[in-house]
Amino acid sequence: SLFDKCIEYASNGLTLARKINDKKSTAALVNNVAAGYTKKKDYRKGIYYFKEALAINSSLGLQESIIRN
């Protein structure tokens, strides 16, 4: 499905962002993974990833991104 592709591509990007230690991109991609799972109605995984994105954004002090989470 389209949402599976969303999760796949965001996960691939997430692997790269983590590899180069780009925390801002990591947070954005984790958020995209969360959105994909939420659209698939897998709310447990969606919430898990949204919480991870929120924690990263909070640690970076990215207020605008925190509001979007």
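## Terms and model

Buried means under 20% relative accessible area, exposed means over 50%, and partly exposed lies in between (1.4 Å probe, protein chains only). By that scale Lys40, at 39% relative accessibility, counts as partly exposed.

This is a predicted model: local features need pLDDT of at least 70, side-chain atom pairs count only at pLDDT 80 or more, and totals for chains, interfaces and linings use all residues. Residues are numbered from 1 along each chain as its sequence is written, and side-chain values use heavy atoms, with hydrogens and water left out.

## Helix α1

Helix α1 covers residues 2-19. Helices here are DSSP runs (H or I, at least four residues), numbered from the N terminus. The 18 residues of α1 should span 26 Å at 1.5 Å a residue, and the end C-alpha atoms are 26 Å apart, which agrees. The expected span is 1.5 Å times one less than the number of residues.

Ile7, Ala10, Leu14 and Ala17 are the buried residues of α1. Seen down the helix axis, they fall within an arc of 90°, so they line one face. That arc is taken from the directions from the helix axis to the C-beta atoms. Part of their cover comes from α2 (23-39), where contact means heavy atoms within 4.5 Å. The face turned away carries the exposed residues Tyr9, Thr15, Leu16 and Lys19. Asn21 follows α1, with a positive phi near 60°.

## Helix α3

Helix α3 (residues 43-60) also has its span computed: 18 residues reach 25 Å from first C-alpha to last, close to the expected 26 Å. Gly46, Ala53, Ile56 and Asn57 are buried in α3. Down the axis of α3, the buried residues fall within an arc of 95°, so they line one face of the helix.

On the face of α3 turned away from its buried side sit the exposed residues Arg44, Tyr48, Lys51 and Ser59. Gly61 follows α3, and its phi is positive, near 70°.

## Salt bridges

The whole structure holds three salt bridges. Each is a side-chain nitrogen of Lys or Arg within 4 Å of a carboxyl oxygen of Asp or Glu. Asp4 and Lys40 meet at 2.5 Å, N to O. This pair links distant parts of the chain: Asp4 in α1 and Lys40 in the loop between α2 and α3, 36 residues apart. Asp4 is partly exposed, at 34%.

Glu52 and Arg18 pair at 2.2 Å, N to O. Here Glu52 in α3 is linked to Arg18 in α1, 34 residues apart. Glu8 and Lys5 pair at 3.4 Å, N to O. Glu8 and Lys5 are three residues apart in α1, about one helical turn.

Key
Helices (H or I, at least four residues) and strands (E, at least two) are DSSP runs, numbered from the N terminus.
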